[in-house]
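Dear colleague,

I am passing a structure on to you below, and after it I set out what was found, taking one part at a time.

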Amino acid sequence: MNGKEKISLTPELVEDFLEYLKQNGRTSGTLIKYKRDLKRLYEFLEDDKTLDSDTLQNWRESMTNQKLNIGTVNARMSTANNFMRFIGKNGWQTKRLKNHGENNDNSAGLTREEYLRLLSAAKRLNKERTYFLVKTICGVGLKVGEIPQLTVEMLKNGEGIITTVGGKRKIYIPSILANELIEYTARKGISEGSVFITRSGKELGRVNIHNEIKDLAAEADVDEEKCSPSNLWKLHLSTKKEIEDRLEMYARQTYEQILQTEQIVSSWAS
C-alpha cells in the first residue's frame with residue numbers, strides 16, 4: 001500500500017455527476033457523450049475501480065500508446081477533468097495533449113464542420129449571445145479585442161472602421177449576418193453602441209467571450225482547446241484565402257481559354 005487517497009468510481013457517483021450536468025443545462029447528447037467517456041475510464045481502471053491522483057495521467061498515456069487521435073484523447077480528458085472537478089479533486093486533473101509545434105493558442109485548426117457544430121450546440125443550449133459571437137467572429141473576421149467595437153450603426157451600414165494595434169481597418173458585415181444581428185439587438189433592446197454587451201449594459205470582456213465559446217465544447221463534441229475566438233478568426237482567414245485561391249485559378253483558366261480561342265484565328269502558323 002502506498003497510502004494514496006482513492007475514490008471509487010461507482011455508477012451512483014457517475015449518475016450524480018450526470019444529474020448535476022443536466023441541472024446546469026447540458027443536453028441529452030452531451031450527457032450521452034460524458035457517460036460514454038466515463039464508461040471508458042471505468043474500463044481502464046484496475047479491478048478495484050478506484051481513482052487517485054495518477055489515474056488521469058496514466059489513462060492519457062494509455063490512450064496515447066494506443067495511437068488514438070489527439071482530439072479524441074483531449075475530448076475524453078475534458079470529460080474526466082470535469083468529473084474530477086465535480087468530486088472536488090481539481091488536483092487530480094491532468095493537462096491535455098498538445099500537437100507538436102502548437103503555440104499556446106493551440107490548435108491544429110478549427111474546421112467548418114466543427115464551426116457549424118458550435119453554432120448548433122449554442123442553439124441547443126439556448127445561448128443566443130454565444131451563438132452570434134461565434135458567427136460574428138468567424139463571419140466578419142474579428143479578433144477578440146475588436147468585438148466591443150462592432151456597433152449597431154455598423155450593422156445598418158454593412159461596414160465600419162475599427163481600430164487595431166497597427167492603426168485602423170475597414171470591416172464588411174455580410175448582409176445575411178447583419179440582418180440577423182439587427183434582429184438580435186432589437187430583441188435585446190440594444191438600439192445603439194456595442195452589439196455584444198452584458199446584462200448590465202457593459203462591454204463584453206475578453207474572459208467572458210473566451211469562456212462562453214469554450215463552454216460549447218462538450219455539447220458540440222469539439223476539442224475544448226479549439227474553441228477560442230482566435231481559432232474562429234483563423235478559420236475566417238483560411239476560408240477567405242481558399243476562396244481567393246479558387247478565384248485566381250478560375251481567372252487563369254479563363255484567360256487561357258481566351259488565348260486559345262484567339263490562337264485559332266491569330267497564330268503565326270495559321
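Which residue just after H3 takes a positive phi? Please keep in mind, before the reply, that this is a predicted model. The residue is Lys67, and its phi is about 65°.

Helix H3 itself covers residues 55-65, and within this helix the buried residues are Thr55, Leu56, Trp59, Arg60 and Met63. When one looks down the axis of H3, these buried residues fall within an arc of 130°, so they line one face of the helix. Among the elements that cover the buried residues of H3 are helix H2 (28-44), strand S2 (50-51) and helix H4 (70-86).

Buried in H1 are Leu13, Val14, Phe17, Leu18 and Leu21. Down the axis of H1, the buried residues lie within an arc of 135°, so here too they line one face of the helix. The face of H1 that is turned away from this buried side carries Pro11, Glu12, Lys22 and Gln23, which are exposed. The cover over the buried residues of H1 includes strand S1 (7-8), together with H2 and H4. After H1 comes Gly25, which has a positive phi near 90°.

With kind regards

Key: Residues numbered from 1 in each chain as written. Predicted model: local features only at pLDDT ≥ 70, side-chain atom pairs only at ≥ 80, totals over all residues. Heavy atoms only, no water. Buried < 20%, exposed > 50% of the residue type's maximum accessible area, 1.4 Å probe, protein only. Helix = DSSP H or I, 4+ residues; strand = E, 2+ residues; numbered from the N terminus. Arc of directions from axis to C-beta. Contact = heavy atoms within 4.5 Å.
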